[in-house]
Amino acid sequence: MKLKKIVGTAVSAVMLAGLGTVATATNASAGGNCYMIQWYNADRAPHSWWVPDHNLSYAPGTQDGCVIILQQMLNQAYGAGLATDGYFGQNTLKWVRQFQGDFHCAGGVDGIAGHNTMSCLDWVTGNYQIS
């Protein structure tokens, strides 16, 4: 549990430090865009992570390419066994809530995967890349 709090604090600090210092590249999806955010700091190598340009939440019957990235990361973090089909259903919702409860960097448990949750997932799964 202590590691989870440390990770949450570290991700929050990185996200705050990087405000106003991002470059984006789009990856088109059915429901919007997912962006690869890059944070540049003269003292460190660039870092990058995936974030959606919209909140991902329970939406039966609606497919979204950003949800595929979310499902892949939840599978990587938990071995959740989610189908990576882009549909944010009950199983994806369950695992998003589980992640948000386990890792305090997500900003609380609401079942919505927005910027904080996705950035935290990137960090926890090791997808947060140093370029």
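Predicted model: local features only at pLDDT ≥ 70, side-chain atom pairs only at ≥ 80, totals over all residues.
How many residues has α3, and how far does α3 reach from its first C-alpha to its last?

**Figure 1. Helix α3 and its buried residues****.** Helix α3 has 13 residues and reaches 18 Å from its first C-alpha to its last. This value is close to the 18 Å expected at 1.5 Å a residue. The buried residues of α3 are T92, L93, W95, V96, F99, Q100 and D102. An α-helix has 3.6 residues a turn, so residues three or four places apart point the same way.

**Figure 2. Packing of helix α2 against helix α3****.** Two packed helices are described by the angle between their axes and the distance between the axes. For α2 (residues 65-78) and α3 (residues 90-102), the angle is about 55° and the axes lie 11 Å apart. The two helices are therefore oblique to each other, and their crossing is left-handed. On the α2 side, the contact is made by L70, Q71, L74 and Y78; on the α3 side, by T92, W95, V96, Q98, F99 and D102. By residue class, the contact of α2 with α3 comprises 6 nonpolar, 3 polar and 1 charged.

Figure 3. Leaving aside neighbours within four places in sequence, L70 is in contact with L56, F88, T92, V96, A113, M118 and L121. Of these partners, T92 and V96 also belong to the α3 side of the contact between α2 and α3. L70 and M118 are 48 residues apart in sequence, yet their C-alpha atoms are 7.2 Å apart in space.

**Figure 4. Helix α4 and the residue that follows****.** Helix α4 spans residues 115-125. Within α4, the buried residues are T117, M118, S119, C120, L121, D122 and T125. Two of them, M118 and L121, are in contact with L70. Just after α4, G126 takes a positive phi of about 85°.

**Figure 5. The chain as context for the close-up views.** The chain has 4 helices and 4 strands. Along the sequence, these elements follow the pattern α-β-β-β-α-α-α-β. Of the 131 residues in the chain, 40% are buried. Among contacts between residues at least 6 apart in sequence, 45% join residues at least 24 apart.

Terms used:
Residues numbered from 1 in each chain as written. Heavy atoms only, no water. Axes fitted to C-alpha atoms, helices over the stretch in contact; angles between N-to-C directions. Parallel < 35°, antiparallel > 145°, perpendicular 65-115°, else oblique. Left-handed = near helix turned anticlockwise from the far one by under 90°. Contact = heavy atoms within 4.5 Å. Nonpolar A, V, L, I, M, F, W, Y, C, P; charged D, E, K, R; others polar. Expected span 1.5 Å × (residues − 1). Buried < 20%, exposed > 50% of the residue type's maximum accessible area, 1.4 Å probe, protein only.
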